[in-house]
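Try each task yourself before you look at the solution.

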Amino acid sequence: MRDAATASPSVGLGLKSAHTREALARGAVVDFFEVHAENFMVDGGPALRQLDQVRARWPLSLHGVGLSLGGEAPLDVAHLDRLKRLIERFEPAWFSEHLAWSSHGGRWLNDLLPLPYTADTLARVCRHVDEAQSHLGRRLLLENPSTYVQFETSTMDEAFFLCEVVRRTGCGLLLDVNNAYVSAVNHGGDARAFIEALPSAAIGEIHLAGFAEDVDAAGDRLLIDSHGAPVAEAVWALYAHALNLLGPRPTLIERDHDVPLLSVLEAEAQQARAAMQGASP
Amino acid sequence: MNTAFARALLDPWATVRGLRTWNGSDPSVRLDVYRNNVVSSLVEALADTFPVVRAVVGDAPFRALAAGHVRAHPPRSPVLAHYGSGFATWLVDAEGLAAQPWLPDLARLEFARVQAFHAAEAQALGADTLTPWLARPDALPGLVLHLHPSVQVLASAWAVVSLWAAHQGPGPTTSPPMHEAEAALVMRAGDDAVVVPVASATARWVARLCRGLPLGLAVTEAIDPVEAGDTLDLGASLGLLLRLGALTGATATTGDPDT
């Protein structure tokens, strides 16, 4: 387990299948790659074999989207077992999941869905994080979500909720700066205050991504976490603020749609490295 | 809470109570973001698995068909490599496709390719591994051949193998005459999932080998007594499996050639 506050700047990219051959052939200029765990939960084939090759050259971050930690149902033990097999095979430097739910009533909904922040949901998420960490035998980094609605029943804000999960379970946090920005705009909040309220020592990784612009029924900005555009200027500025608070943290550029050339993403990763080198914690 | 929310994601007419927005705006517009994410991402997953079905029916009709399938049959697992097993059946009952009755088989072929791509690894038998068995004709019928985990066969009353092949590679495609029964063996070879046209008797024989039937029984069952002139070229079929690397082992049920 790596210390949450890794001192030297470390930047990574989400590994896209369209880039894997090029990354291996010429050696991509990154310090680590991140993959979605569920894309590799197959019995065999070229995807797993290529990931073995990538892992032989770079540390991996394993990013899960399927645990449904915020779901009402108990965790899917078969899914935990699949994660455990991937962790044993690829020995990732980090394993992360989301403060969200994605399945209900046996149906997989394939999105990171929002939950009310209440005493009940806090207890449930903590129970699930505990169970995941003990089943997998390692610490989990929990990612703050992009959300589009809030709930009347919520009794605490997201930062407080995350602080409590960290305090009760010992998990770490994956700070998605784009999600922090998107959620703040979408709910009239303050993204800087959100980041300042998080327990900084627990933040083991940072995500940066692009969003899409929309408007809500009142004509106010509604930002969509699209992973389909370069990191926005406002998110770079928020990232610089986070670095001043936290110091360098392993930082990932996420891009899942309209994926550009590998070299374009490498340049964005270098921009994150430069920001870390220029930060003054 | 989650029950109403989950239902609303797949049902555009369902509402969710208890949502709040900071500016008092109608939360249903925001709920639509989730609805769109859920359906469009799963439609995209089906589009990835069924590119030729999509090309044949057209993008917009495909997306409408896929969205219907997603709403009626959402995945049961977060591992989307296996999502779409019911899409062929969905196409059987879908409206507006009566003029293209081969679409379900085309979907089955494409789904088989994706499953082959992600199937377990296994070491292929060398060409000479079967030699000791071929010297013992009496033991051959009891031999159980183990096939590579990626091997599947598809037999269709339509020319879906040719239709699929016509959509590979760049350039314009010409549709083959569809009123011709065809069969194919699908498996992973190297990094690719290959589609190999085979005789219908060969497909029936391989299907029985996949079920673990011994060689002799698989041959007997593969020859269709109704179809006049239908024969199985066992030597050629066995040679094809060896050449493709589709055989991974052999077990005797009636005596071992080494004993």
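Predicted model: local features only at pLDDT ≥ 70, side-chain atom pairs only at ≥ 80, totals over all residues.

Residues are numbered from 1 along each chain as its sequence is written, and chains are lettered from A and ligands numbered from 1 in the order in which they are written.

**Exercise 1.** Work out which element of chain A gives the most to the side that touches chain B.

Solution. Start with the totals: 38 residues of chain A are in contact with 40 residues of chain B (C-beta atoms, placed from the backbone, within 7 Å). Next, look at the elements giving two or more residues to chain A's side; among them are strand 5 (101–104) and strand 6 (107–113) (strands are DSSP runs of E, at least two residues, numbered from the N terminus).

**Exercise 2.** Find how strand 8 of chain A pairs with strand 1 of chain B.

Solution. These two strands run antiparallel and share two bridges (pairing takes at least two DSSP bridges). Now zoom in: A:Phe151 has B:Leu19 as its bridge partner.

**Exercise 3.** Trace the closed barrel in chain A.

Solution. Follow the eight strands in the order 1-2-3-4-7-9-10-13, with parallel pairing. Then check one pair: strand 4 (residues 94–98) and strand 7 (residues 141–143) of chain A are parallel over three bridges. Finally, spot A:Glu97, which sits opposite A:Leu142 in strand 7 of chain A.

Key:
Contact = placed C-beta atoms within 7 Å. Helix = DSSP H or I, 4+ residues; strand = E, 2+ residues; numbered from the N terminus.
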